[in-house]
Amino acid sequence: MADWRLQLTEDSLRRIRPAFPTLAERLAAYEDFYFPAGSKKALSGEETAPEQWTGQGFPESAALDIRQTQSPFSTLLCFYDTAGNEYTFSRAGMRHMRRTLPWQGHYHTHDYIEILLCLKGSFRQILLGEPRTFAAGEVVITDRNLEHADMLEGEADTAVLFLSLQADYLDQLLSSHGSQDDLQRFFFHALQKQRKDQSYIHLQPAPGPSPGRPPESAGDRAWRMQLSRLLEVLIEEDYSPGPGSEEIIRGSLIRLLSLLCRQYSTRLHSSDQESKERALLYELERYLRLHFATVTASELEEAFHYHRNFYNLLLQKYRGTTFREYLQDIRMQHAARLLRDTRLSVRDIALAAGYHNSSHFYHLFQRHFGVSPATYRADA
């Protein structure tokens, strides 16, 4: 029984359509092909091909085996439905299994780094002892040390893409990328240091359009389309490798990680207290750089769910400064840049830096730089 495996079948759609313009179009095509609208027979198990296994009581080792990989990089596309069916698609073919819901898998670790992208519905895992639900658009990165378990509750049809990278392969990938961007440096550093502790990285995109929110901008649509194209390239090159596939995969992964850094909010969850604090510090600093002109202590409490005094303690511990001093420095640097690079009035620059009182701004600027705003502009 230890060698038992779920039986593979051919992915018929791949033979018909080996590639798609974007991953979104691949998802739609797979759903139309395997699970046609208005017919739940394939999903309910009423009609399945004879070679597709749909029994109950399968060995748990079989479920884990689906996500094992011997390659430096591989992809696994999974569809879960409300009846307990799981269809998985990889370079090896298609597998189908059914479970009685709700279902929780065994705790396990991987011998590779796993990047989980929830594409549709929501996906639930137990991480660091706590159940976590990840919505469509969210990303989770777990390293080899982290014991975790999958959970299926069947609340909605779900699609998930798993990217598996061997640790040495990821290390080489990251070390070859010499980015000077603060976000990318943190993200790549977190990935390289992640394996020291039980930890995972959770990434959340900017909220999409919904009632009460402004329509999605052209820029948002552009990066979401870029993400969908990158993921489709990775699947296509994994399924049907050809000359140059290794270079295409490496380049696409670098672009993927860079895109995640720019467009996603990154949180490192760790069993190590210092790692948690440094991850929060990074998020705090990033938030202040983005919202320095309007940020308030109550806004930070709502965004990060810590008492305002904690941010002072955090900045004093790791940056040797107070929250007020840190924010003031960001505002002064922004004002100085506007004085150098624009012809805006001092009053307008004060407003842009977050100061409605021009006299107060004038006083703070002179104390910070040792000269008045007018003298600073003239010297520049």
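## Helix 7 against helix 8

In this predicted model, helix 7 (residues 218-239) and helix 8 (residues 245-263) are roughly antiparallel to each other, a label used for angles over 145 degrees, with under 35 counting as roughly parallel, 65 to 115 as roughly perpendicular and the rest as oblique. Their packing angle is about 150 degrees, and the axes sit 10 Å apart. Axes here are lines fitted to C-alpha atoms, for helices over the stretch in contact, with angles running from 0 to 180 degrees between N-to-C directions. The crossing of helix 7 past helix 8 is left-handed, meaning that the near helix is turned anticlockwise from the far one by less than a right angle (clockwise would be right-handed).

Who touches whom? On the helix 7 side, the residues in contact (heavy atoms within 4.5 Å) include Trp223, Leu227, Leu230 and Leu234, and on the helix 8 side they include Ile248, Ile249, Leu253 and Leu256. Sorted by class, the contact of helix 7 with helix 8 has 11 nonpolar, 4 polar and 4 charged residues. For that tally, Ala, Val, Leu, Ile, Met, Phe, Trp, Tyr, Cys and Pro are nonpolar, Asp, Glu, Lys and Arg are charged, and the others, Gly among them, are polar.

## Helix 2 comes across

Helix 7 also meets helix 2 (residues 23-34): their axes come within 7 Å and cross at roughly 65 degrees. That makes helix 2 roughly perpendicular to helix 7.

Strand 1 (residues 73-80) is mostly covered, with 8 of its 8 residues buried; buried is under 20% relative accessible area, exposed is over 50% and partly exposed is in between, using a 1.4 Å probe and protein chains only. In a regular strand the side chains alternate between the two faces of the sheet. Here, Phe73, Thr75, Leu77 and Phe79 point one way, Ser74, Leu76, Cys78 and Tyr80 point the other, and all are buried.

Strand 1 pairs (at least two DSSP bridges) with strand 10 (residues 158-165) in the antiparallel sense over 8 bridges, and Leu76 has Phe162 as its bridge partner there. With strand 2 (residues 85-90), strand 1 has an antiparallel pairing over 4 bridges, where Cys78 stands opposite Thr88. Strands 1 and 2 make a hairpin with 4 residues between them, and Gly84 in the turn has a positive phi of about 95 degrees.

## Strand 9, tucked in

Strand 9 (residues 148-152) has 5 of its 5 residues buried, so it is largely enclosed by the rest of the structure. His148, Asp150 and Leu152 face one way, and Ala149 and Met151 the other.

Strand 9 pairs antiparallel with strand 4 (residues 103-104) over 2 bridges, with Gln104 partnered to Met151. It also pairs antiparallel with strand 6 (residues 122-127) over 4 bridges, and Ile126 stands opposite Ala149.

## The whole chain

The protein chain has 15 helices and 12 strands, taken as DSSP runs numbered from the N terminus (H or I, at least four residues, for helices; E, at least two, for strands). Of its 380 residues, 46% count as buried. Among contacts between residues at least 6 apart in sequence, 69% join residues at least 24 apart.

## Ground rules

Residues are numbered from 1 along each chain as its sequence is written, and side-chain values use heavy atoms, with hydrogens and water left out. As this is a predicted model, local features need pLDDT of at least 70 and side-chain atom pairs count only at pLDDT 80 or more, while totals for chains, interfaces and linings use all residues.
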